[in-house]
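The sequence and model come first.

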Amino acid sequence: MPDALDRLEHIIRQRRGTDPASSYVASLFGKGRLKIAQKLGEEAVETVIAATAEPAKLTSEAADLMFHLLILLADADLSLDDVRAELARREGVSGHEEKAARPR
Ligand SMILES: N=c1c2ncn([C@@H]3O[C@H](COP(=O)(O)OP(=O)(O)OP(=O)(O)O)[C@@H](O)[C@H]3O)c2ncn1[C@@H]1O[C@H](COP(=O)(O)O)[C@@H](O)[C@H]1O
């Protein structure tokens, strides 16, 4: 059953190739990977600040962060399922073993 993240991913994919003036997501796709990555970085910093100084904002900042991560993944032709598969691969593997198995 699709949850809010799945539904949001679907909407984000539908925005690809549409008029940048028509929506925020379309405008970010229009600005390109570098700008999308920059926005993700900004949202990550805002999440860190919320976690350490303004915990009441943490949920909202985390939502902004995940929203922009979904846009970056879509721009790179990756999906939540790709991330789910990677996390599933790591299940039962210790942190040290996982690090050793990462691509270099
Ligand atoms: N979840 C979100 C969502 N979260 C945050 N935002 C927008 O992301 C931006 C966050 O950037 P900032 O806080 O840095 O604000 P900003 O200064 O205006 O941004 P910049 O000028 O720096 O780009 C704001 O414009 C927010 O409105 C979102 N915009 C859209 N969605 C979802 O995406 C769907 C598609 O949105 P559209 O593409 O706009 O139709 C919507 O139906 C929503 O479900």
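A residue counts as near a molecule if its C-beta atom, placed from the backbone, lies within 6 Å of it. The model is predicted: local features need pLDDT of at least 70, side-chain atom pairs count only at pLDDT 80 or more, and totals for chains, interfaces and linings use all residues. Residues are numbered from 1 along each chain as its sequence is written.

Around the ligand lie Leu-8, Ile-11, Arg-15, Ser-23, Tyr-24, Val-25, Ala-26, Asp-64 and Phe-67. At least two residues of this shell come from each of H1, H2 and H4; helices are DSSP runs of H or I, at least four residues long, numbered from the N terminus.

The shell divides by class as follows, with Ala, Val, Leu, Ile, Met, Phe, Trp, Tyr, Cys and Pro taken as nonpolar, Asp, Glu, Lys and Arg as charged, and the others, Gly among them, as polar.

| Class | Residues in the ligand shell |
|---|---|
| Nonpolar | six residues |
| Polar | one residue |

After H4 comes Asp-77, with a positive phi near 60°.

Leu-40 is in contact (C-beta atoms, placed from the backbone, within 7 Å) with His-68, Leu-69 and Leu-72, leaving aside its neighbours within four places in sequence.

Notes. Contact = placed C-beta atoms within 7 Å.
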